[in-house]
Amino acid sequence: LPTEAEWEYACRAGTTTPYFSGTDPESMDAFAWYEDTYDEGTEPVATKKPNAFGLYDMQGNVREWVFDFYAPDAYSQKEFNPLHVNPGGPLKGDVHVARGGAYGSPVDELRSAARFPEMEWWRAEDPQEPKSRWWLPKRPFIGFRVAREIE
């Protein structure tokens, strides 16, 4: 999984605005499946426009897991200094971070910097005791994006 910093870099695609499409939230209609544009759930990948890096569905459709653990103050922690190249997030924690907003999310949750901790109810139907960290088959709003280094 990408780190939070890698995910945000890929999502922003060289921009510094709240959305990679600019400052107007309505500009996301052409790029993302979210509260105002989806029908009944997830939509096929690459049916909206890609960002400037050619990546589809970075915002909306499903929230995407990232490698880093969630900490509400992660951006102010020394390890996650945004001035560092590819800063690392917290090395320990209870839940990971999901990024990008989902098909039912309001547009403000699609901002490139929006972060979401896993919620306890996401695993409520897990029959295992103790609950698995990765059991989410009944939560269609969560996905992941595999990243790899270019040789």
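**Terms for the views.** A residue is called buried when its relative accessible area is under 20%, exposed when that area is over 50%, and partly exposed in between (1.4 Å probe, protein chains only). The structure is a predicted model, in which local features need pLDDT of at least 70 and side-chain atom pairs count only at pLDDT 80 or more, whereas totals for chains, interfaces and linings use all residues. Residues are numbered from 1 along each chain as its sequence is written, and side-chain values use heavy atoms, with hydrogens and water left out.

**View 1. Helix α1 is mostly covered.** Helices (H or I, at least four residues) and strands (E, at least two) are DSSP runs, numbered from the N terminus. Helix α1 spans residues 4–12, and 7 of its 9 residues are buried. These buried residues are E4, A5, W7, E8, A10, C11 and R12. They pack against β1, β2 and β3, where contact means heavy atoms within 4.5 Å. After α1 comes A13, which has a positive phi near 50°.

**View 2. The largest nonpolar core has 14 residues.** A nonpolar core is a set of buried Ala, Val, Leu, Ile, Met, Phe, Trp, Tyr and Cys residues joined through side-chain atoms within 4.5 Å. In the largest one, the residues that touch the most other members are M28, Y34 and L110. Helix α1 gives the most to this core, namely 3 residues. When residues up to four places away in sequence are not counted, M28 touches Y19, F20, S21, Y34, Q59, V107 and L110. Another core, of 10 residues, lies apart from this one and includes A98, F116, W122 and I142.

**View 3. A salt bridge joins R115 and E4.** A salt bridge is a side-chain nitrogen of Lys or Arg within 4 Å of a carboxyl oxygen of Asp or Glu; by this rule the count is 9. In the bridge between the side chains of R115 and E4, the distance from N to O is 2.9 Å. R115 belongs to strand β3 (residues 115–117) and E4 to helix α1, so the pair ties together parts that are 111 residues apart in sequence. Both R115 and E4 are buried.

**View 4. A salt bridge joins R12 and E8 within helix α1.** The side chains of these two residues meet at 2.9 Å, N to O. R12 and E8 are separated by about one helical turn because they are 4 residues apart in helix α1. R12 is buried, at 18% relative accessible area, and E8 is also buried, at 13%.

**View 5. A salt bridge joins E109 and R63.** Their side chains meet at 2.5 Å, N to O. This pair links distant parts of the chain, 46 residues apart: E109 is in the loop between β2 (96–99) and β3, and R63 is in strand β1 (residues 63–69). E109 is partly exposed, with 23% relative accessibility, whereas R63 is buried, at 12% relative accessible area. Elsewhere, salt bridges that share partners join E4, E8, R12, R99 and R115 into one network.

**View 6. V146 is exposed.** The relative accessible area of V146 is 66%. This residue lies in the segment after β4 (142–144).
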